[in-house]
Amino acid sequence: MQIATLKLEDLTCPSCQQKIEAGVKDVQGVDKDSVKVLFNASKVKLKLDEEETSLEAVANKIEALGYQVLKSSAKDQ
C-alpha cells in the first residue's frame, strides 16, 4: 500500500469535495475508507494498492471530473 497526496487547484465549494471523494472511491485499488478530501487545503489524501492502480490513474480520474491536479506524491506505507 502507498499513502498518496494530491494537491488540487483551489476547491470552491463543498459539493466539489463530495464529487471528488465519490469519484476517487470508484477507482479500483483505492482504499475507500482512507479517502479524505481536505477542502480548505485543496488536497486529497488516500491509500492505494500500487499492484491494482497507480497515482496517475487517480489523478486522471480527478481531472476527468473537471479538477486540475497541480502536484502528486506517494510513499510506501
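Contact here means heavy atoms within 4.5 Å. With that in hand, here are some notes on this predicted model.

1. **The annotated region.** The UniProt annotation "domain: HMA", from an unreviewed entry, covers residues 2–70. Over that stretch the chain is 32% helix and 26% strand, and the C-alpha atoms at its ends are 19 Å apart.

2. Helix H2 spans residues 55–64, and its buried residues are Leu55, Val58, Ala59 and Ile62. Looking down the axis of H2, these fall within an arc of 100°, so they line one face of the helix. The spacing makes sense, because an α-helix has 3.6 residues a turn and residues three or four places apart point the same way. Glu56 and Ala64, on the other side of H2, are exposed.

3. **What sits over the buried face.** Among the elements covering the buried residues of H2 are strand E1 (2–8) and helix H1 (14–25). Strand E3 (43–48) and strand E4 (69–76) also contribute to this cover. After H2 comes glycine 66, which has a positive phi, near 105°.

4. **The nonpolar core.** The largest nonpolar core has 20 residues, of which Leu6, Ile20, Leu46, Val58 and Ile62 touch the most other members. E1, H1, E3 and H2 are the elements that give two or more residues to this core. H2 gives the most, with 4 residues.

5. **Isoleucine 20 up close.** Setting aside neighbours within four places in sequence, isoleucine 20 is in contact with Leu8, Leu11, Val37, Val44, Ile62, Leu65 and Tyr67.

6. **Glutamine 2.** This residue is found in strand E1. Is glutamine 2 buried or exposed? Its relative accessibility is 18%, and the cut-off for buried is under 20%, so glutamine 2 counts as buried. Its side chain makes a polar contact of 3.5 Å with the side chain of aspartate 76. Not counting residues up to four places away in sequence, glutamine 2 touches several others, including Leu46, Leu48, Ala74 and Gln77.

7. **Serine 34.** Beyond residues up to four places away in sequence, serine 34 touches Lys45, Leu46 and Lys47.

Conventions. Residues are numbered from 1 along each chain as its sequence is written. This is a predicted model: local features need pLDDT of at least 70, side-chain atom pairs count only at pLDDT 80 or more; totals for chains, interfaces and linings use all residues. Side-chain values use heavy atoms; hydrogens and water are left out. UniProt positions are given in the numbering used here, feature names are shortened, and annotations may be inferred rather than shown by experiment. Buried means under 20% relative accessible area, exposed over 50%, partly exposed in between (1.4 Å probe, protein chains only). The arc is that of the directions from the helix axis to the C-beta atoms. A nonpolar core is a set of buried Ala, Val, Leu, Ile, Met, Phe, Trp, Tyr and Cys residues joined through side-chain atoms within 4.5 Å. A polar contact is a pair of N or O atoms within 3.5 Å; within protein, one must be able to donate a hydrogen and the other to accept it, and residues adjacent in sequence count only if both atoms are side-chain atoms.
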